[in-house]
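Open the model in your viewer and keep the sequence panel beside it. The stops below tell you what to select next and what is there.

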Amino acid sequence: MTFRAKHLLGIEHLSSEDIKTLLDLAAHYVDLNRRDIKHNDALAGLTQVNMFFENSTRTQASFELAGKRLGADVMNMAMQASSIKKGETLIDTALTLNAMHPDLLVVRHPQSGAVNLLAEKVNCAVLNAGDGRHEHPTQALLDALTIQRAKGRLHRLSIAICGDIAHSRVARSNIFLLGKMENRVRLVGPPTLMPAGVADWGVEVYGDMAEGLRDVDVVMMLRLQRERMDGAFIPSEREYYHRFGLDAAKLKVAKDDAIVMHPGPMNRGVEIDGTLADDINRSVIQEQVEMGVAVRMAAMDLLARNLRTSRQPEGVLV
Ligand code: NCD
């Protein structure tokens, strides 16, 4: 087993071996999650705190379920209504929490880099559940597991990531991961939604769905992330759907067995046609949600093992 990291802050600094270790263990947890008794004690006795400074439904629920299935004591902090609103800084909140001896801290924050900063201040393992437009490592891992299971491999695939790339941490983490596993990544979207410096990312860039989707194995759609936009990036949603929204007609140029993905929450009729999103022969969106719980169980299990190893010298109580 190669995974030696203390935190899971992003995909950028993981090796392909780390990624394989995480995905192999996650596959084992997919099986556990399909049983009647979905429980083991990998995190028994440990405390997991979820701090979500941004709204989240599926990611927070997924981390909570993952921790509970592994026997951790899980606490969700209501950060929207917290002392942050009273002016406390992120670091003060972190230090207060740290004094309560959590073992695993799951953090989502609207600012890129905030989770890395927090990880420097606490004694526990930190998992990034999405920071600004920077990284969302468990999303890329669950996407990878979904692709691997649908396609039978995770290398030498052609994958189109489409839509609002500029504001997307999902796109960034996926580009790192899919590149490390030797896939061809294409980015498809209007120039206004392409990040600066994209030419250096080792990807192919397309401004047109008919060209960008030609012969791809995987089509990954992204939401228009208006909460991160500070101006008009598209003329109108109607125009955007017409040019970049995925429907059965646009999908025709992809491979016959191409799969359709979306991290959620999706806006039907804006970036994806609702009927296509529900088509179980093409869409793996529900599988992504299922893989999410397993990937988070694997990530927390591996970090907890490393945490225990690092604590061992003074950790023996007599
Ligand atoms: C993504 C996120 O929060 O970055 N969603 C998620 O984690 N399920 C994508 C998005 O919000 O569009």
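Select helix α1 (residues 16–33) and α5 together. They are roughly perpendicular to each other, a label for angles of 65 to 115 degrees; under 35 is roughly parallel, over 145 roughly antiparallel, and the rest oblique. The packing angle is about 70°, and the axes lie 10 Å apart. Axes here are lines fitted to C-alpha atoms, for helices over the stretch in contact, and angles run from 0 to 180 degrees between N-to-C directions. Helices (H or I, at least four residues) and strands (E, at least two) are DSSP runs, numbered from the N terminus.

Two notes before moving on. This is a predicted model: local features need pLDDT of at least 70 and side-chain atom pairs pLDDT 80 or more, while totals for chains, interfaces and linings use all residues. Residues are numbered from 1 along each chain as its sequence is written, and side-chain values use heavy atoms, with hydrogens and water left out.

Now show the side chains between α1 and α5. From α1, pick I19, L22, L23, A26, A27 and V30; they meet L141, A144, L145, Q148 and R149 of α5. Contact means heavy atoms within 4.5 Å. By class, this contact has nine nonpolar, one polar and one charged residues. Ala, Val, Leu, Ile, Met, Phe, Trp, Tyr, Cys and Pro count as nonpolar, Asp, Glu, Lys and Arg as charged, and the others, Gly among them, as polar.

On the α5 side, select P137, Q139, A140, L141, D143, A144 and I147; on the α6 side, V170, S173, N174, L177 and L178. That contact has eight nonpolar, three polar and one charged residues.

Zoom in on N174, in helix α6. Is N174 buried or exposed? At 0% relative accessibility, N174 is buried; buried means under 20% relative accessible area, exposed over 50%, and partly exposed in between (1.4 Å probe, protein chains only). Its side chain makes a polar contact with the side chain of D143 at 2.9 Å. A polar contact is a pair of N or O atoms within 3.5 Å; within protein, one must be able to donate a hydrogen and the other to accept it, and residues adjacent in sequence count only if both atoms are side-chain atoms.

Next, K151, also in helix α5. K151 is buried, at 17% relative accessible area. Beyond neighbours within four places in sequence, K151 contacts L157, D217, D257, A258 and I259.

Go to H262, in the loop between β9 (259–261) and α10 (274–277). H262 is buried, at 1%. Which groups does the H262 side chain reach? One is the backbone nitrogen of G264, at 2.8 Å. Another is the side chain of E271, a polar contact of 2.8 Å. H262 and L222 are 40 residues apart in sequence but 6.2 Å apart in space, C-alpha to C-alpha.

Step along to G264 and P265: a cis peptide bond joins them, with omega about -5°. P265 sits in the loop between β9 and α10.

Last, E182, in the loop between α6 and β6 (184–188). E182 is not a glycine, yet has a positive phi of about 65°. E182 is exposed, at 61%.
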